[in-house]
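Hello,

Here is the structure for your files. My notes follow below it.

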Amino acid sequence: AALRYLGVAAVAGAVVALVGLAAACPLTTIPFGARWADAVPAVRMIAVSALPILVAFVAWPTLLARQQLRTVTAGCVAGTAVGVAVSLFLVAWRPDPLSPVIGTAAGAVVLAAALLAGLRDLLARAPGSGRRVPDAG
């Protein structure tokens, strides 16, 4: 079931990312007016961030159910550290509303990657993965 939910989260995140990339301008400027046009790049980046965020939302409780608290903790620490570091660097280098959003997106990617790494045995057993991991017991 976890694999199915990870797949649904990945597809939903990809849809949000594609719609956000394509429609960020009208979704931002129609309801809020042209004065919000400068926010469109940030809205696009937030939409793209939906993919790793939604995958992390499913991977997190899956890891907890498998009693992999260290993996969750390490992923959270790494994602937070990368997100804060990238945000601080970009804001110092180029203070612009997009800078911290890029940092947040980078942190989300690191978090999702770390959590998925903790599920690699489960992912390797997925149909069509081309790999088989022997059962532990």
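Helix H2 (residues 40-65) has 26 residues. From first C-alpha to last, H2 reaches 38 Å, close to the 38 Å expected at 1.5 Å a residue. That expected span is 1.5 Å times one less than the number of residues. Helices are DSSP runs (H or I, at least four residues), numbered from the N terminus.

This is a predicted model: local features need pLDDT of at least 70, side-chain atom pairs count only at pLDDT 80 or more, and totals for chains, interfaces and linings use all residues. Residues are numbered from 1 along each chain as its sequence is written, and side-chain values use heavy atoms, with hydrogens and water left out.

H2 has a kink of about 35° at alanine 50, shortly before proline 52. The bend is the angle between axes fitted to the seven residues ending there and the seven starting there. Buried residues of H2 include Ala50, Pro52, Val55 and Ala56. Buried means under 20% relative accessible area, exposed over 50%, partly exposed in between (1.4 Å probe, protein chains only). Their cover includes H1, helix H3 (69-93), H4 and helix H5 (120-124). Just after H2, glutamine 67 takes a positive phi of about 60°.

Next, leucine 116. Leucine 116 sits in helix H4 (residues 98-118). Leucine 116 counts as partly exposed because its relative accessibility is 26%. Leucine 116 touches Leu6, Val55 and Leu123 (heavy atoms within 4.5 Å), leaving aside residues up to four places away in sequence. The C-alpha atoms of leucine 116 and alanine 56 are separated by 7.9 Å, at 60 residues apart along the chain.

Best regards

Notes:
Helix = DSSP H or I, 4+ residues; strand = E, 2+ residues; numbered from the N terminus.
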